[in-house]
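Subject: Structure handover and notes

Hello,

Here is the structure I said I would pass on.

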Amino acid sequence: MKTYLKESDILLLLPELAPVAAGWLDQSDSRIYQQQNAFYLESELTGSKPLAFQFEAELNFWQGQLKQFGKKDVPLLKALGITGAHPPKHIYDLTAGMLKDSILCLAAGFKVTACERNPIVYSFIQLNLKNAAYLPDLHYQFGHCVDYLADYADQYLYFDPMFEIANKSAYSKKNMQVFKGLVGADADAQDVLSQLLASGAKRVVVKRADKAPVMAGQLHHQIKSKTLRFDVYLS
Ligand SMILES: C[S@@+](CC[C@H](N)C(=O)[O-])C[C@H]1O[C@@H](n2cnc3c(N)ncnc32)[C@H](O)[C@@H]1O
């Protein structure tokens with residue numbers, strides 16, 4: 001049986017969302033429902049399949065891939081400096097979304113602090129994470145990533161804002177239309193990046209579509225894959 005959650009139900013389970021203005025779920029076209037022990041995200045608008053939480057399978061997939069083929073040719077890991085003299089132990093994933101990139105980083109052995117500002121996306125993920133004991137190295141937090149700027153000195157930051165045509169690899173599947181419709185474009189990304197670059201972070205990696213313009217001038221180098229690019233800024 002499906003049980004739909006109202007905003008007030010979620011606030012009881014996730015009190016950290018209380019400061020967010022009311023109405024974010026009840027006035028949205030998206031719905032979260034519980035079926036057995038899992039939570040799902042669906043949208044009235046797209047008519048696509050609901051989004052399910054399948055992170056154990058994704059983690060196992062990446063652990064298998066990295067064991068078989070190694071880490072050094074994976075573009076995101078390369079961009080984060082895995083082949084460098086001092087590879088990171090901990091990554092801040094500032095745009096957690098569906099946690100796909102966080103899961104890859106966890107499979108590679110990094111500890112990850114992941115941040116999400118959309119309360120519906122956050123609720124969907126966090127409600128499911130309560131049953132996900134297989135992710136002990138993930139710390140998941142709610143908020144705008146610039147709320148935590150003071151933590152970023154000497155750290156490794158990963159920033160993947162949503163653009164109109166970008167992120168094809170992660171969000172082209174039909175059911176991911178639910179996610180796209182919910183989040184929309186992160187129109188403040190340029191301004192956020194300026195603040196990240198001024199935070200004293202050791203390395204900032206920005207995911208871009210292959211042909212998208214560079215977002216800030218102090219670029220150090222780029223790691224390219226077929227449809228994506230990782231722009232790397234070093235301090
Ligand atoms: C393109 S998605 C990220 C996808 C993610 N890398 C993945 O693998 O699933 C962008 C996500 O970051 C969130 N976001 C964008 N800007 C943010 C910010 N400044 N602080 C926190 N979250 C942010 C959006 O709400 C959205 O869920």
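The notes below cover a helix pair, the salt bridges and a few loop residues.

Please keep in mind that this is a predicted model.

Helix packing

The helix pair consists of α2, residues 55-69, and α4, residues 100-107. Their axes come within 9 Å of each other and cross at roughly 45°. An angle between 35 and 65 degrees counts as oblique, and α2 and α4 are therefore oblique to each other. The crossing of the two helices is right-handed. On the α2 side the contact is made by Phe55, Glu58, Leu59, Trp62, Gln63 and Leu66. On the α4 side the residues are Lys100, Ile103, Leu104, Leu106 and Ala107. Sorted by class, the contact has 8 nonpolar residues, 1 polar residue and 2 charged residues.

Salt bridges

The count of salt bridges in the model comes to 8.

Arg31 pairs with Glu44, with the closest N and O atoms 3.2 Å apart. Arg31 belongs to strand β2 (residues 30-35), while Glu44 sits in the loop between β3 (38-43) and α2, and the two are 13 residues apart. Arg31 has a relative accessibility of 24% and counts as partly exposed. Glu44, at 54%, is exposed, because the cut-off for that class is over 50%.

Lys111 forms a salt bridge with Asp137, and here the closest N and O atoms are 3.1 Å apart. This pair also links distant parts of the chain, as Lys111 is in strand β5 (residues 111-116) and Asp137 is in the loop between α5 (119-129) and β6 (138-142), 26 residues apart. Both partners count as partly exposed: Lys111 has a relative accessibility of 45%, and Asp137 one of 33%.

Loop residues

Leu99 has a phi near 65°, a positive value. Leu99 is in the loop between β4 (90-93) and α4, and at 0% relative accessibility this residue counts as buried. Asp154 likewise is not a glycine and has a positive phi of about 65°. Asp154 lies in the loop between β6 and β7. With a relative accessibility of 53%, Asp154 counts as exposed.

Ala153 is also placed in the loop between β6 and β7. Its relative accessibility is 40%, and Ala153 counts as partly exposed. Leaving aside residues up to four places away in sequence, Ala153 touches Ser199, Gly200 and Ala201. The C-alpha atoms of Ala153 and Lys100 are separated by 25 Å, and these residues are 53 apart along the chain. Lys100 is one of the α4 residues in the contact with α2.

Regards

Technical notes
Residues are numbered from 1 along each chain as its sequence is written. This is a predicted model: local features need pLDDT of at least 70, side-chain atom pairs count only at pLDDT 80 or more; totals for chains, interfaces and linings use all residues. Side-chain values use heavy atoms; hydrogens and water are left out. Axes are lines fitted to C-alpha atoms, for helices over the stretch in contact, and angles run from 0 to 180 degrees between N-to-C directions. Helices (H or I, at least four residues) and strands (E, at least two) are DSSP runs, numbered from the N terminus. Angles under 35 degrees count as roughly parallel, over 145 as roughly antiparallel, 65 to 115 as roughly perpendicular and the rest as oblique. A crossing is left-handed if the near helix is turned anticlockwise from the far one by less than a right angle, and right-handed if clockwise. Contact means heavy atoms within 4.5 Å. Ala, Val, Leu, Ile, Met, Phe, Trp, Tyr, Cys and Pro count as nonpolar, Asp, Glu, Lys and Arg as charged, and the others, Gly among them, as polar. A salt bridge is a side-chain nitrogen of Lys or Arg within 4 Å of a carboxyl oxygen of Asp or Glu. Buried means under 20% relative accessible area, exposed over 50%, partly exposed in between (1.4 Å probe, protein chains only).
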